[in-house]
Amino acid sequence: MRAFYERAQIIHIDGMPLVYWGRVLGYPLRRDQRVTYVDWVHPLMAAAAAGGWRVFYLGGKPGIAARAAERLRQHYPALQIATRDGYFQPADNTAVLTEIANFQPHVLMVGMGMPRQEHWILENLEHLTANAILTAGACFDYVAGAIPTPPRWMGRTGLEWLYRLYSEPRRLARRYLLEPWALVPLMVRDLWQMAQRGRGAGK
């Protein structure tokens with residue numbers, strides 16, 4: 001993951017807890033600087049349709065991305081979009097890359113969940129020629145209606161995770177209830193470093 005982010009040209013905040021933690025550490029972050037696909041997938045598709053950009057979405061269960069693409073075409077008839085589900089074996093990877101290359105997308109969205117999507121992009125980056133490659137998570141699951149979209153006020157207040165946990169408890173319980181505890185040592189380190197900087201500035 002570190003290698004992936006070192007290659008990334010743009011990194012955005014996809015969770016309000018990061019905004020809140022950034023504020024604790026003294027960064028001038030605002031709520032509107034939290035960016036999530038639920039909020040900007042439609043503006044992105046509108047821009048793609050208007051600009052003639054080809055969009056390829058790789059990810060999701062069989063049929064889900066295709067259903068999302070059809071819904072998007074209803075909103076943006078000029079949209080050029082192709083999809084491929086994310087359930088493929090390593091032996092099929094070359095065929096998947098060929099399918100993407102044949103479509104020649106300007107925008108490639110990879111929605112296979114973290115960290116699989118990041119690993120896949122990093123491993124196949126030299127074979128991808130899209131102008132923009134985006135890690136999209138469950139974006140098209142929301143568009144297709146396979147997962148209920150959280151109320152936007154919950155996203156703005158940092159409670160979206162609770163809605164998602166309620167909607168998919170079996171899949172997300174580990175992510176939201178167990179995995180965050182691994183961040184506690186990093187949080188302690190951040191606070192320690194901030195305190196040390198404060199002491200240094202006060203001398």
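**Charged pairs and nonpolar cores**

Analyst: In this predicted model, Asp 39 has 40% relative accessibility and counts as partly exposed.

User: Why is Asp 39 called partly exposed?

Analyst: Buried requires under 20% and exposed over 50%, with partly exposed in between. Asp 39, at 40%, therefore counts as partly exposed.

User: What makes Arg 152 and Asp 39 a salt bridge?

Analyst: Their side chains meet at 2.8 Å, N to O. The cut-off is within 4 Å, so the pair qualifies.

User: Why is Asp 32 called exposed?

Analyst: The relative accessibility of Asp 32 is 55%. Exposed means over 50%, so the label applies to Asp 32. Asp 32 also forms a salt bridge with Arg 30, at 3.0 Å from N to O. Arg 30 has 47% relative accessibility and so counts as partly exposed.

User: What makes Arg 84 and Asp 85 a salt bridge?

Analyst: The N to O distance is 3.5 Å. This is within 4 Å, so the pair meets the rule. By this rule the count comes to 9 salt bridges.

User: Which residues have the most contacts inside the largest nonpolar core?

Analyst: Among them are Met 45, Val 55 and Leu 79, in a core of 24 residues. Helix H3 gives the most to this core, with 6 residues.

Definitions and conventions:
Residues numbered from 1 in each chain as written. Predicted model: local features only at pLDDT ≥ 70, side-chain atom pairs only at ≥ 80, totals over all residues. Heavy atoms only, no water. Core = buried A, V, L, I, M, F, W, Y, C linked by side-chain atoms within 4.5 Å. Buried < 20%, exposed > 50% of the residue type's maximum accessible area, 1.4 Å probe, protein only. Helix = DSSP H or I, 4+ residues; strand = E, 2+ residues; numbered from the N terminus.
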